[in-house]
Amino acid sequence: MAGGAPPAPGALLCALLWAAAAAPVGGGPGGSPAPGAFGRLYRGAVNISAERLYAFAYSSQPGQVDAVRVYVNSSSENLQYPVLFVVRQQKGVLSWQVPLIFRGLYQRTYNYQEVSRTLCPSEPAPETGPSEQIIFVDVASMAPFNIAYELLVTRLENFQLETNKPFNFTASPSQPQYFLYKFPQDVDSVIIKVVSDAVYPCSVVSVQDIVCPVYDLDHNVEFNGVYQSMTKQAAITVQRKDFPGEQFFVVFVIKPEDYACGGSVPSSIHGSVYIQAMFFSFLSFLSFYLGSVVVAFVHYIRVRRKASSGRLSPEDGSGIMTSSHPITSSTPEGSSYGAIDESSSSGGRQLSSPERGPPAGSDTDSSVEEESDFDTMPEIESDKNVIRTKVFLYLSDLSRKDRRIVSKKYKIYFWNIITIAVFYALPVIQLVITYQTVVNVTGNQDICYYNFLCAHPLGVLSAFNNILSNVGHTLLGFLFLLIVLRRDILHRRAMEMKDVYTLDYGIPKHFGLFYAMGIALMMEGVLSACYHVCPNYSNFQFDTSFMYMIAGLCMLKLYQTRHPDINASAYSAYASFAVVICLAVLGVVFGKNGMWFWVIFSMIHVLASLALSTQIYYMGRFKIDGPDSDLGIFRRAAMVLYTDCIQQCSRPMYMDRMVLLIVGNLVNWSFAIFGLVYRPRDFASYILGIFICNLLLYLAFYIIMKLRSSEKLLPIPLFCIVATAVVWAAALYFFFQTLSSWEETPAESREKNRSCILLGFFDDHDVWHFLSAAALFFSFLVLLTLDDDLDTVRRDKIPVF
């Protein structure tokens, strides 16, 4: 087969309806049909006051199927005044216009000047004998001037296919073909084999019953019988039992566009708006890369100057060693925080540090045990209780485990989140592609909740701008991974070059959680883009799942900074995130009208807050142990409540922790009461708000305690804190500009639609994507650089809070 370039679903339908409405059915005023001859080419001209009517008569013999094909052509390309052709038969009417218009993706049009159609054949009954058939062809136009046309009507001699006999023909989008096949007496099934010389154009082969009209248009060929799309070849098996009349039509339709058969999707970029938007998106975030390179270069120059002057600290992030080891304390003697006799913290200084035991660079020694919960301290379990329940704790008390094992423990966060991301993202991508395909095929735009006043399509995507705006999460997540990798490499070099005493300085460097945060930020961009392919009720969790994980990982990282030995394992952390995501899904399904759900959720929320607070207050050493009987357990619980909550209410043993946990519980209980009373409809955002408030509360407590301990904020973390606050404030403003809502009906959601506000391409929600990506990036940098001032401070001088 041969054909022209590749039509979109429904394009021919539009052209057909137009022609059927505009073409006259009978002859012109006072006119009579001119007798026509088969095989003769008729040339003429029509206008608004002159139309032409032709009549073609032929005789059909019993048992003989006569097919007639009508060919028309017009040299006019005037789409305002097409030539209209109407063909009337005994049992039907067929009409079309020339130029014939096919519409593809992005409303692209394909115009054809030549059109030919096979008329539905009629077979006279054997008992009636030969019958006379008449065909009327009416040619008209509404043009005020003459338009020339050509008309050719022929009887097809090779309309019936034969078994095992090849047959060659041509077809194009405006000239479909179909043929008849009758089962011989001794044949029960046949295979129709179709071969094309070229891969494209994309074609459709259909097998249909003998019914008029024949579905031979691109928009309806799939509605009857069985069909296959094809490039170079196709094969369809047909059985006699499936066709009571023991005969069928084989229909061949050529598509105007090849994307349905795997060909390239035609570009939808018209003008410079798409290119301008892409440049803006990528250049905006690539500027962060440039800024990071400048900061790294300035840091390198500063370190080189310090090295040349002999003033380099034990670890300045550059991997360069010096023989001087300043032992400075950021907690002055007059400070009230942690002011106890130095001998009281001897547990952290007198014992030889396990970190000094292994040789430098052995961080990935395969002989190290990978059990994250195995405590490698030589002390017995009771010694951990003594150390962790001291009134004043220092970092050396909680960084006593083998550095290699702890490092491996935190690397599990990185590898697990990669596994989760792959298994989570693949079905998500498949699902949203299916949604988008359904929208494109059916034309039902109530399926997806777009901001239709600012939806820019590209390819098969209906709202490319909402997807492009998520590029910032991916680019900045990757940049954060590069920054962490640089720090990791420099730290390893420093470990290889330093003597054993420098291992006791600064916050222990474990980068596994930072790597996991970078992957989570990248995946947030990917899954948010997937959600915005077709935002609706069924896929809302794609946009928020990794936001929960980002908030949780940030809290874990903040806690791990000064509690490296007692932080949660990756398995329990990710299992907790999975429970949260399940609750989010259940909340959307049952939270609208289910009071019982809110009661259960509020109880879980309050109990989880109390349980987590207990573990944090007692540094993970709280146990209700006692006699084997249940009464012994309850007696132990009552004793703990009496001694720790009643006797010491005026002066708790761990005052700072108590203040944080009281405020934190009040905030979480307030969330639980608010949810129970108001039952917000957007449960996913409600859960996310709980996470973010807890993270902000903990970060504020950490910074306050850091300043209270006379620790410093260096320029880079101070800049990141200010940038985080400013960018988050701007981002939240645009977040609350609701542009659509899948919680309402599609019609109600469209009432919230607004026009584009940036470059005539991006809407408010796109700006939220841009700003939230930058805000998350700055937030990560705060956690990464917040304690850089402690690199020159011994761990037995760094307080724990």
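Visitor: Which residues of H10 are buried?
Guide: In H10 the buried residues are Ala-570, Ala-573, Tyr-574, Phe-577, Val-580, Ile-581, Leu-583, Ala-584, Gly-587 and Val-588. Buried means under 20% relative accessible area, exposed means over 50%, and partly exposed lies in between, with a 1.4 Å probe and protein chains only. This is a predicted model, in which local features need pLDDT of at least 70, side-chain atom pairs count only at pLDDT 80 or more, and totals for chains, interfaces and linings use all residues. Residues are numbered from 1 along each chain as its sequence is written, and side-chain values use heavy atoms, with hydrogens and water left out.

Visitor: What do the buried residues of H10 pack against?
Guide: They pack against helices H5 (403-442), H8 (512-533), H9 (545-562), H11 and H14 (683-708). Contact means heavy atoms within 4.5 Å. Helices (H or I, at least four residues) and strands (E, at least two) are DSSP runs, numbered from the N terminus.

Visitor: How far does H10 reach from its first C-alpha to its last?
Guide: H10 covers residues 570-590, 21 residues, and reaches 30 Å, close to the 30 Å expected at 1.5 Å a residue. The expected span is 1.5 Å times one less than the number of residues. H14, with 26 residues, reaches 37 Å, close to an expected 38 Å.

Visitor: And what comes just after H14?
Guide: Ser-710, which takes a positive phi of about 65°.

Visitor: Back to H11. At what angle does H11 pack with H13?
Guide: H11 (residues 595-617) and H13 (residues 655-678) pack at about 175°, with axes 9 Å apart. Axes are lines fitted to C-alpha atoms, for helices over the stretch in contact, and angles run from 0 to 180 degrees between N-to-C directions. H11 and H13 are therefore roughly antiparallel. Angles over 145 degrees count as that, under 35 as roughly parallel, 65 to 115 as roughly perpendicular and the rest as oblique.

Visitor: Which residues of H11 and H13 meet?
Guide: Among them are Trp-598, Val-606 and Leu-610 in H11, and Leu-661, Trp-669 and Phe-671 in H13. By class, this contact of H11 with H13 has 13 nonpolar, seven polar and one charged. Ala, Val, Leu, Ile, Met, Phe, Trp, Tyr, Cys and Pro count as nonpolar, Asp, Glu, Lys and Arg as charged, and the others, Gly among them, as polar.

Visitor: How do the axes of H5 and H9 cross?
Guide: At roughly 180°, coming within 13 Å. That makes H5 roughly antiparallel to H9. The contact of H5 with H9 has 10 nonpolar, two polar and no charged residues.

Visitor: New topic. Val-533, buried or exposed?
Guide: Val-533 is in H8 and counts as buried, at 11% relative accessibility. Leaving aside neighbours within four places in sequence, Val-533 is in contact with Val-432, Gln-436, Tyr-450, Leu-461 and Ile-467.

Visitor: What about Asp-488, buried or exposed?
Guide: Asp-488, in H7 (residues 471-497), counts as buried at 10% relative accessibility. Not counting residues up to four places away in sequence, Asp-488 touches Phe-511 and Tyr-515.

Visitor: Last one, the loops. Where is Arg-679?
Guide: Arg-679 is in the loop between H13 and H14. Its phi is positive, about 45°, although Arg-679 is not a glycine.
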